[in-house]
Amino acid sequence: MAINPDRQIITYENIALLQSDAPAHSSASNSGSNLSFLPLVQGIDFSVDITRENVGALGSKTLIDSSNRNAPDINFNVTTFEDFGSLFSSIVTGAGVRDNLNIDRNFYAYVGPEKGTDAKKDFSNRDILTNEVKYYCFKNLSDSRQSWFAAPHSGTTIYKENFDGSNSVVVGGPYENPTAAHIDVESGNIYYGDKPIHVFGNGANQALVPMSLSGKQFGSFFGREPRHNIFMLGLEDDTTVDLHWERSRVGSSSVGLSGINSTPSGTFTLNAGEQLNHAIVDSLGSDHGSDQAVLTLNANKNILCAVDSNTSVDAQIMAPSEQHIYRRVPYQYESNMIGEVPDSQSQYHVFDPSGAFATDIGDGDGSSKAGHIGYSKLSKYFAFAGDGYAEGTLNEDDWKIVGPYSNTNVEISYWSGDNWNLQHNINLTGEKNNPHYTGFTPVQYPANNLIDGLMYKIEASNPIAFFVDDWNDGDEDIVVGWNDESLPENQPSFGQFLSFGNCFLNNVNISQSIKGLMQSTYSFTASNVQAEETKPHKTSSNSLIYNNVSVPSLDLTGAQAQNLTTNISGISEYYSSNPVKIIPHYSTNVIISGSGSVGNFLIQSDSIQEFNLDLLIQRKPIYSLGKKHPIKRKALFPSLSTLNFSNRVSNFELNGARSNLKDFLNSDEDYSLFISGKSNAGDDFNFKIKNAKLASQNYDSSIQSDIVADLAFTFELNDFIKAQH
């Protein structure tokens with residue numbers, strides 16, 4: 001493939017590293033609250049050496065198999081400016097080395113979606129809902145004829161989750177082929193697919209509302225029944241909704257009321273995910289043409305809304321008001337948001353600068369009603385499913401499309417015989433103020449011959465409005481679809497995760513030199529690495545959570561399956577405004593030999609230039625029959641660690657055992673090594689190494705340089721302790 005010189009490359013500022021708690025394969029360890037952001041990471045690297053066993057055979061030149069019989073180790077390293085924080089606690093806790101080093105943890109490297117932009121950028125203001133096809137359930141539906149799901153794309157899986165994105169479970173699929181299916185739904189849950197789906201409450205269309213129909217102002221006409229139910233869902237915290245209920249007897253074309261300028265009949269406050277079912281008792285009789293009420297809602301933040309009555313008559317999915325709206329029948333009931341006649345209206349279009357809404361009631365085909373849909377909510381792709389429409393009950397006036405764009409090609413197909421069958425190919429030539437309207441008859445089968453639901457799809461070259469009507473179930477309403485940005489291949493990226501599972505710490509290398517900051521490299525052996533892109537869920541106006549992120553760890557002592565998921569908050573939420581705890585060289589002290597003495601063999605260590613501390617954990621992988629990965633990486637002791645440092649020589653030791661190598665070796669002196677200091681945030685650190693032995697010493701002297709002695713000490717890991725201040 002030719003190189004594309006304009007492609008964007010992942011660079012360092014795109015990456016942020018999160019660390020889980022221990023042990024790795026635990027839901028609690030990987031929960032959002034038990035992930036810690038590592039603030040001073042300078043780099044990460046990993047490598048995999050895949051050993052393959054090559055199998056040949058007599059009589060053949062070629063390999064008959066080349067496979068990895070043992071799972072390879074992943075070598076994973078994190079380089080960071082040392083702050084003795086959560087990374088350091090992997091090896092040292094309390095007064096010294098951890099009692100149990102046979103623990104593992106996971107790491108999640110978040111890669112931001114915008115190249116050249118900080119990973120900590122807050123993406124909560126990006127519009128997610130317009131790119132997701134999700135449905136909120138206001139009412140339980142368990143009747144086998146209701147809550148029909150249309151999954152027009154092969155390989156679709158359907159999920160249910162709480163409003164905040166938690167407790168996500170599969171409720172349908174994955175379906176190999178396009179599928180129409182009934183699935184029970186429960187109030188308070190959200191339903192969606194990993195590919196676009198449509199969900200409809202058959203005979204109770206108000207129960208399931210597309211989340212794309214969020215808005216701040218809504219309106220509808222009521223003309224029947226004594227009790228009316230208003231369903232509202234808050235999408236953001238501190239949402240205030242004014243409800244206006246006004247009586248009108250003036251007919252369809254002149255309302256003469258005040259709408260949202262009237263005195264509210266009630267004011268409600270909702271938080272994100274809070275549902276309100278508000279009942280209005282007002283007997284309107286049965287003549288919707290002469291005895292009406294008008295509902296208007298005015299919210300300060302986006303909400304979802306649906307309405308019905310005590311017998312589900314006049315159930316309606318509510319679309320927010322807009323300046324340009326479209327409807328399925330001409331000249332029913334329409335108004336602007338302040339109770340006046342709209343500026344202009346045609347058969348299938350209404351316009352008003354203050355926002356308009358329209359309702360049709362009692363068209364003679366069923367007992368429900370239908371509303372409008374605004375210009376900004378029109379869609380190009382639709383699906384619709386039901387449990388069958390008895391032959392002869394539908395005609396060309398029952399299913400309708402309205403198109404405000406010129407030269408719009410619309411293909412209408414039905415699924416049958418494992419194929420999509422094109423039924424209608426329609427061309428619309430509408431305009432924004434004068435849309436093109438047409439009705440069509442869907443394919444109908446006798447209901448008693450039906451095993452699964454019927455499913456239809458509509459594909460248009462420009463956005464259109466789609467309305468359905470069914471005499472049997474009283475389904476008269478808008479059908480909301482999706483546009484190009486909701487297709488899986490066009491979803492906006494909110495970042496990716498490169499994650500490492502079952503990371504056992506092998507080594508910590510801490511170093512510092514003059515004019516430098518203290519820096520460390522943490523080396524791990526991992527069992528798994530994976531790359532994944534997940535979509536976040538907006539839990540409030542300024543909060544994101546990434547749902548169902550795969551936990552990279554394996555259940556090492558069980559079936560060695562990777563079977564956990566976690567939710568990770570928006571990366572910007574892990575950042576802290578606290579000052580970083582960098583450690584400059586002038587705040588660090590290294591003392592050799594303990595209290596009151598800086599002498600060692602031949603020299604005094606009173607001008608240390610740099611040091612390098614290696615804390616080594618030796619491990620032995622433990623395998624078991626029937627397991628491909630090690631079930632344990634056991635820490636072995638004693639574990640020899642080292643401290644190396646360079647010192648500028650001022651004087652040689654001239655007397656005593658330190659001045660003579662033979663005497664020095666015979667004395668076999670133990671050393672105490674101290675490393676102490678303070679970060680720029682004022683936090684102290686103080687470490688002591690007991691029983692250290694001098695392992696090597698090297699001297700270098702040349703023209704134009706000082707004499708430098710390089711020394712190496714060895715000690716057992718458990719002799720590295722936190723000292724008293």
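**Buried residues and enclosed space**

Modeller: His 198 belongs to strand 16, residues 198-200; strands are DSSP runs (E) of at least two residues, numbered from the N terminus. The model is predicted, so local features require pLDDT of at least 70 and side-chain atom pairs pLDDT 80 or more, whereas totals for chains, interfaces and linings use all residues. Residues are numbered from 1 along each chain as its sequence is written, and side-chain values use heavy atoms, with hydrogens and water left out.

His 198 counts as buried because its relative accessibility is 3%; buried means under 20% relative accessible area, with a 1.4 Å probe and protein chains only. The side chain of His 198 comes to 3.3 Å from the backbone oxygen of Ala 383. Among the residues that His 198 touches beyond four places in sequence are Tyr 135, Trp 148, Phe 149, Phe 384 and Trp 482, a contact being heavy atoms within 4.5 Å.

Leu 141 lies in the loop between strand 10 (134-137) and strand 11 (148-151). Leu 141 is also buried, at 2% relative accessibility. Its contacts beyond four places in sequence include Gln 146, Asp 184, Gly 201 and Leu 208. The C-alpha atoms of Leu 141 and Leu 208 are 9.5 Å apart, although 67 residues separate the two along the chain.

Two cavities of 30 Å³ or more occur in the structure. On a 1 Å grid over the protein atoms alone, a cavity is a set of points where a 1.4 Å probe fits but cannot get out, and lining residues have an atom within 4 Å of a point. Grid points are joined across faces, edges and corners, and a volume is the space filled by probe spheres set on the points.

The largest cavity has a volume of about 60 Å³. Its lining includes Ser 90, Asp 104, Arg 105, Cys 503 and Arg 619, and by class consists of five nonpolar, one polar and three charged residues. Here Ala, Val, Leu, Ile, Met, Phe, Trp, Tyr, Cys and Pro count as nonpolar, Asp, Glu, Lys and Arg as charged, and the others, Gly among them, as polar.

The second largest cavity, of about 40 Å³, is lined by Phe 84, Ile 510, Met 518, Phe 611, Leu 613, Ile 675, Phe 687 and Phe 720. Eight nonpolar residues make up this lining, with no polar and no charged ones.

Terms used: Helices (H or I, at least four residues) and strands (E, at least two) are DSSP runs, numbered from the N terminus. Buried means under 20% relative accessible area, exposed over 50%, partly exposed in between (1.4 Å probe, protein chains only). A polar contact is a pair of N or O atoms within 3.5 Å; within protein, one must be able to donate a hydrogen and the other to accept it, and residues adjacent in sequence count only if both atoms are side-chain atoms. On a 1 Å grid over the protein atoms alone, a cavity is a set of points where a 1.4 Å probe fits but cannot get out, and a pocket is an open set with protein on both sides within 12 Å along at least five of seven lines; lining residues have an atom within 4 Å of a point.
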